[in-house]
Amino acid sequence: MTRGRDGGAGAPPTKHRALLAAIVTLIVAISAAIYAGASADGGSRDGTPLAGGRLPRGDVAPASTGAWVGAWATAPAAAEPGTETTGMAGRSVRNVVHTSVGGTSARITLSNLYGQAPLTVTHASIALAAGHDTAAALADTMRRLTFRGSPRVIIPAGGQVMSDAARIVVPYGADVLVTTYSPVPSGPVTHHPQARQTSYLADGDRTADVAAAAYTTRTPYWRYLTALDVLSHEAEGTVVAFGDSITDGFGSQTGANHRWTDVLAERLHDAAGDGRDAPRYGVVNEGISGNRILTGRTGRPADNPSALNRFERDVLQRTNVRAVVIVLGVNDILHSPELADRDAVLTGLRTLVDRAHGRGLKVVGATIMPFGGYHAYTKARETMRQEINEEIRSGRLFDAVVDFDQALRDPYDPRRLRSDYDSGDHLHPSDKGYARMGEVIDLDTLKGTAPVAA
């Protein structure tokens with residue numbers, strides 16, 4: 001149900017809310033300073049030729065007209081432990097990602113956010129996987145990726161770069177292989193540890209390999225790659241899922257694409273195919289396990305930065321974003337009791353909504369699901385969850401609400417997840433629970449733009 005926002009009953013007292021807003025503004029300002037330059041859209045480049053000329057050119061000109069939309073994305077979450085000195089020097093990194101929408105050309109974004117030295121990528125490629133759970137590629141889909149016409153790019157520490165468009169037909173629901181090779185140490189590696197997807201590593205430059213033989217190391221991480229965009233006739237925009245481990249898909253079956261965002265993408269695709277009046281969006285997942293609204297971990301930049309810190313990068317800078325679904329708050333309640341009072345969490349959420357509205361984005365917010373039985377459960381934390389959910393349901397906060405709490409709780413003990421929706425830790429849903437989350441989102445709530453301010 002779409003609901004309006006106002007400042008009626010249930011909002012914090014004016015003086016208290018003003019103080020909280022000032023604190024949040026300070027946090028955002030500090031975050032912006034820390035991340036200055038992290039969103040650079042280019043690095044140093046030269047004309048170094050592709051070794052051996054083994055890959056067909058990734059023709060820069062788009063193959064057809066359409067809209068650039070997000071087919072897949074992930075949030076750079078941390079510096080990978082153990083890579084501080086050498087990074088991935090001398091190894092090919094073959095990331096496997098699953099598309100939420102199809103297109104006729106593709107481009108990628110690589111991040112060196114956590115690097116302390118420039119990252120030199122001499123070769124990169126994109127191809128469709130030859131099957132499920134494999135590093136092998138369909139031979140006729142292998143494309144060389146270039147960066148302003150060069151196969152080589154140097155990404156400065158803290159920066160990111162977008163490739164040129166490559167002509168490749170990418171279907172909806174495809175596994176795509178994006179491979180990079182760096183010959184020199186860069187460390188630390190920017191990665192996303194909870195991929196719920198198996199990717200691969202090989203020694204030497206194997207970016208052009210179609211066969212899987214050289215890719216002897218399986219890995220649960222995504223490295224360097226943070227976005228895959230496609231030029232699409234299927235979609236006209238992107239919806240961003242912004243959340244914590246529940247959006248990240250923690251506990252879901254690896255390689256099965258059973259996150260709630262995958263279910264949402266399937267529903268949007270099916271609705272468009274059936275000719276229904278539904279939004280035509282790609283879905284990108286910007287969940288980070290353990291993420292909080294108010295606080296991140298230490299470091300410059302911080303590992304697992306707060307939602308306030310990373311919102312610009314992970315939502316507002318995504319390609320052709322039209323709407324955002326915010327699923328946050330449980331970690332603030334469970335793990336930061338010194339900050340997690342009702343008013344501070346709600347003020348943080350209001351700040352995210354205001355920033356999204358500043359870019360014209362529709363904002364759907366989710367209630368916080370139950371965690372009764374989880375090791376950190378207390379009556380006080382349950383009370384806080386109920387109070388925050390009451391304000392979310394009131395319609396004063398988000399443009400629309402999806403009530404994940406009501407959809408997944410045990411009707412006989414609403415402090416807990418229903419047993420078949422529980423992964424077993426009493427906090428994260430099972431695959432069936434994630435499916436339920438993806439099914440209860442009203443697709444109509446993703447339509448439209450931010451409301452006009454009165």
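A charge sits over a ring if NZ of Lys or CZ of Arg is within 6 Å of the ring centre and within 35 degrees of the ring normal. Arg107 meets this description: its charged end sits over the ring of Trp68, 4.2 Å from the ring centre. Arg418 lies over the face of Tyr421, with 4.1 Å to the ring centre. The model described here is predicted.

## Aromatic pairs

The structure holds 4 aromatic pairs. One of them joins Trp72 and Trp222. Their rings are 5.1 Å apart, centre to centre, and the planes make an angle of 80°, an edge-to-face arrangement. This pair links distant parts of the chain. Trp72 belongs to strand E2 (residues 67–73) and Trp222 to strand E16 (residues 222–223), 150 residues apart. Both Trp72 and Trp222 are buried.

Another pair is formed by Phe371 and Tyr377. Why is it edge-to-face? The ring planes stand at 65°, and planes over 60 degrees apart count as edge-to-face. The centres of these two rings are 5.9 Å apart. Phe371 has 0% relative accessibility and counts as buried, whereas Tyr377, at 22%, counts as partly exposed.

The largest nonpolar core has 39 residues. Phe242, Ile326, Leu349 and Leu352 have the most contacts inside it. Six elements each supply at least two residues of this core: strand E18 (237–243), helix H4 (307–316), strand E20 (321–327), helix H5 (330–335), helix H6 (342–358) and helix H7 (379–393). H6 gives the most, with 7 residues. In soluble globular proteins, nonpolar side chains tend to be buried together.

How many of its 10 residues are buried? The count is 9, so H4 is largely enclosed by the rest of the structure. The buried residues of H4 include charged ones: Arg310, Arg313 and Asp314. Ala307, Leu308, Asn309, Phe311, Val315 and Leu316 are buried in H4 as well.

## Cavities

A search of the whole structure finds 2 cavities of 30 Å³ or more. The table sets them side by side.

| Cavity | Volume | Lining by class |
|---|---|---|
| Largest | about 90 Å³ | 10 nonpolar, 2 polar, 1 charged residues |

The largest cavity is lined by 13 residues. Ile246, Val327, Val330, Ile368 and Met369 lie nearest its centre. The second largest cavity is lined by Thr74, Pro76, Thr109, Gln160, Thr226, Arg313, Asp314 and Arg318. Among these, Arg313 and Asp314 are also buried residues of H4.

## Loops and backbone geometry

The loop between strand E7 (123–128) and strand E8 (143–144) contains His132. Is His132 buried or exposed? Its relative accessibility is 58%, and exposed means over 50%, so His132 counts as exposed. His132 and Gly255 are 123 residues apart in sequence, yet their C-alpha atoms are 8.3 Å apart in space.

Asp133 is in the loop between E7 and E8 too. Its phi is positive, about 60°, although Asp133 is not a glycine. At 40% relative accessibility, Asp133 counts as partly exposed.

Tyr224 also has a positive phi, near 70°, and is a residue other than glycine. Tyr224 is found in the loop between E16 and strand E17 (225–232). With a relative accessible area of 3%, Tyr224 is buried. Most residues other than glycine have a negative phi, and most peptide bonds are trans.

The peptide bond that joins Gly187 and Pro188 is cis, with omega about -20°. Pro188 sits in the loop between strand E12 (175–182) and strand E13 (190–192).

Thr367 is placed in the loop between strand E21 (362–366) and H7. Its relative accessible area is 2%, so Thr367 is buried. The C-alpha atoms of Thr367 and Val402 are separated by 6.8 Å. Along the chain, Thr367 and Val402 are 35 residues apart.

How values were computed:
Residues numbered from 1 in each chain as written. Heavy atoms only, no water. Phe/Tyr/Trp six-rings, centres within 6.5 Å; stacked < 30°, edge-to-face > 60°. Helix = DSSP H or I, 4+ residues; strand = E, 2+ residues; numbered from the N terminus. Buried < 20%, exposed > 50% of the residue type's maximum accessible area, 1.4 Å probe, protein only. 1 Å grid on protein atoms, 1.4 Å probe; cavity = no way out; pocket = protein on both sides within 12 Å on 5 of 7 lines; lining within 4 Å. Points joined across faces, edges and corners; volume = space filled by probe spheres on them. Core = buried A, V, L, I, M, F, W, Y, C linked by side-chain atoms within 4.5 Å.
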